[in-house]
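This note is intended for a colleague meeting this structure for the first time.

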Amino acid sequence: MKTTRIVLASRPTGMPEDENFRTETVELEGPGPGQALLQTLYLSLDPYMRGRMSDAPSYAPPVEVGETMCGATVSRVLESTDPALQPGDIVLGYGGWQTHSVEAIGYLRKLDPSTAPVTTALGVLGMPGFTAYSGLLTIGRPQEGETVVVAAATGPVGATVGQIAKIKGARAVGIAGGPKKVALLRDYFGFDAALDHRAPDFADQLAAATPDGIDVYFENVGGPVFDAVLPRLNKFARIPVCGLIANYNDTELPPGPDRLPLLTSLILRKSLTLRGFIQTEFQNQAGEFYPAAAEWLSEGRLKYLEDIVEGLDNAVEAFQGLLTGKNLGKLVIKIAD
Ligand code: NAP
């Protein structure tokens with residue numbers, strides 16, 4: 001069995017360019033004992049992949065130059081060495097940017113296509129949805145009537161954060177890039193207020209949309225959005241620091257002045273809680289997240305939006321678009337029917 005795969009050809013400086021990737025077709029070995037041969041149906045593209053392209057210190061090891069780009073996948077089982085998995089079964093795995101993979105059966109999760117579309121296992125019912133759930137409820141702890149603000153709010157993390165905030169009785173303010181996304185926040189996802197971070201008067205709009213200040217700021221982006229949020233934070237505000245996508249392609253620190261003393265004095269004066277997290281640290285909440293999210297989904301209280309791009313050949317361009325806000329919802333590459 002051959003696989004066509006996209007490997008990391010070189011490490012990017014700044015925005016990943018086409019030449020940082022290479023497509024090649026190679027022979028797959030196996031499956032050996034405890035392994036399955038899989039055909040990739042859908043590949044998840046996520047912002048964290050930018051971090052894996054770099055060898056700077058991080059919470060996870062980088063993809064090595066020449067290795068297949070990493071990524072979660074929904075795949076069809078072609079061959080299995082364990083009766084628990086049969087050919088034709090659909091599984092969630094971590095096959096990466098390729099058409100076929102050989103994976104350890106112990107790391108695969110069998111999906112039931114009759115309960116929800118299988119692509120949701122990469123988004124609202126998968127890692128991004130779980131990230132939103134744990135970060136918001138464990139660190140953000142929104143209370144009834146409080147104001148929760150989140151950016152990248154049409155994406156799988158942000159949209160889920162806003163909707164869970166509403167389910168918990170809080171007021172949700174969503175921030176996104178461009179009028180189309182802003183309309184979706186209001187009309188489809190049901191945010192109480194929706195703002196465009198690219199608007200020249202964004203900081204004023206945020207002040208108007210948060211008349212009682214901000215109790216929870218779910219940090220997905222950093223950059224100028226964080227600057228506008230800071231003065232609006234209430235005493236005892238909680239800030240789950242989930243992602244900083246505005247900085248992922250930075251090659252150096254921004255020019256001064258040094259605003260760290262301003263930030264630390266605000267943390268002190270307003271008794272703020274800033275707490276970074278990586279989703280995997282909340283694995284022990286899986287037993288509560290999956291049933292809760294599935295129920296909210298079936299009740300129509302949790303909606304999702306997917307941006308499905310056809311073909312592995314389009315993965316690089318789609319990934320570059322993710323880092324500049326071109327995606328409209330959870331970005332997924334469809335590799336096979
Ligand atoms: P996503 O929202 O589908 O895609 C990223 C979005 O970020 C873009 O569509 C764009 O939305 C926004 N963006 C890009 N550049 C920006 C900039 N310079 N300033 C402001 N916004 C910008 O992605 P996602 O999968 O839901 O992830 C959202 C965040 O959560 C990311 O930072 C990601 O790294 C983080 N995350 C963290 C964990 C964890 O374990 N801590 C797990 C999953 C995800 P707009 O067009 O609306 O600006």
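1. The model is a predicted one, and in it α8 comprises 14 residues and spans 20 Å between its first and last C-alpha, close to the 20 Å expected at 1.5 Å a residue. Just after this helix, G300 adopts a positive phi of about 80°.

2. Buried residues of the helix are A286, F289, A292, A293, W296 and L297. Viewed down the axis of α8, the buried residues fall within an arc of 145°, so they line one face of the helix. On the face of α8 turned away from the buried side are the exposed residues G287 and S298.

3. Against what do the buried residues of α8 pack? Their partners are α2 and α3. For the pair α2 and α8, the packing angle is about 105° and the axes are 10 Å apart. Angles of 65 to 115 degrees count as roughly perpendicular, and α2 and α8 are therefore roughly perpendicular to each other. On the α2 side the contact is made by G129, F130 and Y133, and on the α8 side by A286, E288, F289, Y290, A292 and W296.

4. The largest nonpolar core contains 36 residues. Those with the most contacts inside this core are L136, V148, V161, L185, F191, F218 and W296. At least two core residues are supplied by each of the helices α2 (127–140), α3 (156–167), α4 (179–187) and α8 (286–299), and likewise by each of the strands β8 (147–150), β9 (171–176) and β11 (214–218).

5. Once its neighbours within four places in sequence are set aside, V161 is in contact with A132, L136, V148, V150 and F218. Of these, L136, V148 and F218 are also listed among the residues with the most contacts inside the core.

6. Leaving aside neighbours within four places in sequence, Q143 is in contact with K168, G169, A170 and R238. Q143 and V157 are separated by 14 residues in sequence and, from C-alpha to C-alpha, by 19 Å in space. R141 lies in the loop between α2 and β8 as well; although it is not a glycine, R141 has a positive phi of about 45°. With a relative accessibility of 40%, R141 counts as partly exposed.

7. F236, which is not a glycine, has a positive phi of about 65°. F236 is placed in strand β12 and counts as exposed at 52% relative accessibility.

8. Where are the prolines P31 and P257 placed? P31 is in the loop between β2 (21–27) and β3 (35–44), and a cis peptide bond with omega of about 10° joins G30 to P31. P257 is in the loop between β12 (233–241) and α7 (260–269); the bond joining G256 and P257 is a cis peptide bond, with omega of about 5°.

Methods
Residues are numbered from 1 along each chain as its sequence is written. This is a predicted model: local features need pLDDT of at least 70, side-chain atom pairs count only at pLDDT 80 or more; totals for chains, interfaces and linings use all residues. Side-chain values use heavy atoms; hydrogens and water are left out. A nonpolar core is a set of buried Ala, Val, Leu, Ile, Met, Phe, Trp, Tyr and Cys residues joined through side-chain atoms within 4.5 Å. Buried means under 20% relative accessible area, exposed over 50%, partly exposed in between (1.4 Å probe, protein chains only). Helices (H or I, at least four residues) and strands (E, at least two) are DSSP runs, numbered from the N terminus. Contact means heavy atoms within 4.5 Å. The expected span of a helix is 1.5 Å times one less than its number of residues. The arc is that of the directions from the helix axis to the C-beta atoms. Axes are lines fitted to C-alpha atoms, for helices over the stretch in contact, and angles run from 0 to 180 degrees between N-to-C directions. Angles under 35 degrees count as roughly parallel, over 145 as roughly antiparallel, 65 to 115 as roughly perpendicular and the rest as oblique.
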